[in-house]
Amino acid sequence: MQNQVTKLIWRRHRRTFVLAGLLSMLVAVANDLITLHGLNRTQGHYELVKASINHWEVYNTSNFPAYSFWLLIVAWLLGLVLMNQDLTDNFNQFLFSSGFSRQRVYWTKLWQGLLAMLVIVSLTLAVQYGIFWVSLPARIGFHLAWPGLITSWGYGLAGSLGMFAMCWFAALIVGQTGALVVTLIGFTLSLSGVAAIFEQLDSNGGLGWNLSGAQVAWLSAGSWVVAALILFIWGAYLYQHLSLEHNGEYLLFPGLRVPVYIVFVVYVTGVNGFNGTDTYSTIISFLVSAAFGYFWLWRPGIMAKWHRWRSQREG
């Protein structure tokens, strides 16, 4: 039974895995070629990798990021597509009607998706590093060091895991593809505001930690891993209770509507409040998020009432 589930899910998603891998490596090749073209214009000896690679900190420069930002986007897309595709194409319905355990289906999907992400990351990094290793002229140095590489890879993999988990979980509870994409893009962009809050608190001594760059990186990585584990476990519980009768609705679990609304309003108000300049901006963000969230989550009912009122008025 386990082998059947594994084979079914692999056949279902292998094309997605291959396409994601090829696209990721293609982007890596394109970025390397652009960098090489720019380096060919430099004169004399030039070190592509700076001395800071020897420190236990995340290494990231425009010419050579030790862990490309693109790999975070790949993880984001994988988490979104793997869960949402099975919902929109009724593959979940097929699996459930075939008598397979929901928990087995869920965890098989998850480990295949995470393994694919790890393989794609490894191959992309190998291509990125390999092109530089083979193509750089002798006058351009390419000297790597384990401290910067290990820190960058650990931080990057944790971030990719968090992005995958975030989209995986959102695609599990949101049943409309367009609204799902809009929701995820908005939330992902808002994370820069969350990061700005912690940076401001740390710089002002509000956290009282006085962390070094390496400690901040590992703390952030640990936070991503913990958040991913919570979302994966919570997702397993929800997947067990996934009802296909709510397909096409914004939330596949109607019981989450009020908690999602509260979290949305508090989150948006909090982020804008910390990054805002005055109390009025916080009040405005609260009112806007409360109104928008209510319309977004209850819009079918609102629109139905509107149409009934309009028909009665015209009648």
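**Exercise 1.** Classify L23 by its relative accessibility.

Solution. L23 has a relative accessibility of 42%, so L23 counts as partly exposed; buried means under 20% relative accessible area, exposed over 50%, and partly exposed in between, with a 1.4 Å probe and protein chains only. L23 belongs to helix α1, residues 2–39. Helices are DSSP runs of H or I with at least four residues, numbered from the N terminus.

The model is predicted: local features need pLDDT of at least 70, side-chain atom pairs count only at pLDDT 80 or more, and totals for chains, interfaces and linings use all residues. Residues are numbered from 1 along each chain as its sequence is written, and side-chain values use heavy atoms, with hydrogens and water left out.

**Exercise 2.** Decide whether T16 is buried or exposed, and list its contacts beyond four places in sequence.

Solution. T16 is also placed in helix α1. Its relative accessible area is 17%, so T16 is buried. Leaving aside neighbours within four places in sequence, T16 is in contact (heavy atoms within 4.5 Å) with L78, V81, L82 and Q85.

**Exercise 3.** Compare the span of helix α2 with the expected one.

Solution. Helix α2 covers residues 69–88, which is 20 residues. Just after α2, N90 takes a positive phi of about 65°.

Notes
Helix = DSSP H or I, 4+ residues; strand = E, 2+ residues; numbered from the N terminus. Expected span 1.5 Å × (residues − 1).
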